[in-house]
Amino acid sequence: MPDDPRAATRDISPDDDPARSRRDHQAISQLADDLLPALIAKLASSGLGEIEVREGGWRARLRKPAAADVARRGVARGTGEGHPASGHSAGRAQPTSRSARAGEAAAEQEASPISATSPAVGIYHPRRDLSEGMRVRTGEKIGTVDVLGVNQDVLVPVDGVIGTSLAEAGEAVEYGQDLVRIELTERSPAPATEPVGELEAAVARGNA
Amino acid sequence: MFSKILIANRGEIALRILRACRTLGVGAVVAYSEADRESLAAQLADEAICIGPADARRSYLSAPSVISAAIVTGCDAIHPGYGFLSEDEAFADVVRAHGLTFIGPPAEVLERFASKEATRRLLGSHGLATIPGSGMLRDEAHALEEAERVGYPVIIKPSAGGGGKGMRLVRTARELEDTFKVARSEAKAAFGDDALYLEKFIDDNRHVEVQVAVDRFGHAVHMGERDCSVQRRHQKIIEETPSPALSDAAREDLCQRAVRAVVAAGYENLGTLEFLVDSKGDAYFIEINCRIQVEHPITELCTGIDMVALQIKIAAGEPLGLSQSDVVSRGHAIEFRILAEDPTKDFRPGSGQVSAYLAPGGVGVRMDSHLYPGYEVPSYYDSLLGKLCVWGPDRATAIARGETALRELLVDGVTTNIELHRAILANKVFVDGRVTTNLLDRVGTAPFVAAASR
């Protein structure tokens, strides 16, 4: 929720003028809500190392510093469209604390399993050849969700192997629902060092 | 009757529709966005389904997501509430194409009444007086010509607009020249349609609206009127019924003409005809709202009719089951819109966690709200936290009950406009029933805010 980016940026912007800093905080939180999820998804599905977007006087830059980060991003995506600040897990079966701040959320997510989630509300069709133990790569399509006859792709959020299926073929699924568990392999970087919040989501005030 | 209805909205109205479904014995599924996972409607519903992310364009405004949710949960109808997809004729059409029923006017009726300008002409031809105005403005020269004809001041309005958005008051030809292009690009940006029209601006007017219900068979009743003159920048804050601005004879005449006109024009389902009433008491038709309105509870308090249930029955093809003589409006009701806005900080909308919440009670008090202690008010949507409605056998009693209830109402953790309501209630202009739509903007809210903060 918007609390997180606001809290995170309080150190960055000078609080000398309350009205201005309020506006700044609003702008930052809007940026975080509207822009970051899309950017993170884009970064995940591309081979790019860094993305920067400018909007008005603001600049948001996302950087993929190390391989370790891939696992982090997977965690974020596994919990609903890579909304790093949202702090709630996908799927109704798995409610988590909605007021969790970024740090807590990150800690919580690291412990929770990673899943490929539904991109929309509709009927789920897994890829025919999908089987447990199969090795998959980040961004790989492992099924579709049929929304009024239009298929939306179910993508793997992180390199790993296919684990338990959480939804049947032909089952009605909701947006963000966990569909297939993705187990990390030994080759996947161990998710231990940095929390999600440090996914270099540097929202910096840009004068340039 | 339907077997199961998808509720494609949020906040208090999702809860209101859920209650109507349960009363009717109809199943209901609450469709919610990720930001509303913890909403009261989603929690209270027997069934709820996440249709998309917080961004309304990908959830509450996404026709494919909403319809897909209805289909996969086995619903046979969709209730759009107000706002979002509630008056979208293309959506209503697609809903029908998927074998579902849109709870509201049928698509072709929505289409007929989609353009405000065409609706004014249509209902004007069926006996309603309209404000002198233009047709669609071709260009700036045409706008100047039309403004000259109807006389300044004029108000420029986007044809596709609503809720006061994108309107511009212009007092001189020079102002019009300065404003026209901006208004056009604003309309394009806000509504995807840059069509504009203008009409004569009536200073010191009151906003009075007539509630009608028309079934598929052309049987119709009106349920009296509501006065929504307490506004700030065209946004309603307090509504009441009956209107203090109309005599009984004028009220009866206006309501009768309104219901005759909509039946003649082929309207169906619930509808609200909005009128501007000038200082002489003359009522000019402005627009029709083809949906359940935020302020419908005050009509329910006076008539005893469950309007959402009625709306659902009409959509299901049932006859109205009411004649005009069955609709008896008793007493006086007032609604206070409780908003997450800070009156001392230019009404900046707020969000945050509700740390404490206590709804008022007592005789003639109704609170429609989705709040609960611990609820996180999301920042993505409108600022309506709930509607406090009071009823009394007469206006003075309703005001006294309003004052008592507002004092009891407790919302902590989020800044609200509760104190502003109390200040307005205590103001002589309101007590005398003389508030005009421009009052708060003309005198500014500062005196009220000052009174409120004491």
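Student: Into which domains is chain B divided?
Tutor: This is a predicted model: local features need pLDDT of at least 70, side-chain atom pairs count only at pLDDT 80 or more, and totals for chains, interfaces and linings use all residues. Residues are numbered from 1 along each chain as its sequence is written, while chains are lettered from A and ligands numbered from 1 in the order written. Domain bounds come from an automatic or database domain assignment. For chain B they give domain 1 (4-103), domain 2 (132-200) and domain 3 (206-453).

Student: Which element supplies the largest share of the side of domain 1 of chain B that touches domain 3 of chain B?
Tutor: Contact means C-beta atoms, placed from the backbone, within 7 Å. By that test, 24 residues of domain 1 of chain B are in contact with 23 residues of domain 3 of chain B. On the domain 1 side, α1 and α2 (40-44) of chain B each supply at least two residues. The largest share, eight residues, comes from α1(B).

Student: What is the distance between the end C-alpha atoms of helix α1 of chain B?
Tutor: Helices are DSSP runs of H or I, at least four residues, and strands are runs of E, at least two, numbered from the N terminus. The expected span is 1.5 Å times one less than the number of residues. For the 14 residues of α1 (residues 11-24) of chain B, that should be 20 Å. The model agrees, with the ends 21 Å apart.

Student: How many of the 14 residues of α1(B) are buried?
Tutor: A residue is buried if 20 or more other C-beta atoms, placed from the backbone, lie within 10 Å of its own, exposed if 12 or fewer, and partly exposed in between. The buried residues of α1(B) include B:Ile13, B:Leu15 and B:Cys21. The helix is largely enclosed by the rest of the structure, because the buried count is 10 of the 14.

Student: Is B:Asn269 buried or exposed?
Tutor: B:Asn269 is in strand β12 (residues 269-277) of chain B. Phi of B:Asn269 is near 85°, a positive value in a residue other than glycine. With 24 C-beta neighbours inside 10 Å, B:Asn269 counts as buried.

Student: What is omega for the peptide bond from B:Thr241 to B:Pro242?
Tutor: B:Pro242 is in the loop between β11 (235-241) and α9 (248-264) of chain B. Most peptide bonds are trans. The bond from B:Thr241 to B:Pro242 is cis, with omega near -5°.

Technical notes
Two residues are in contact if their C-beta atoms, placed from the backbone, lie within 7 Å.
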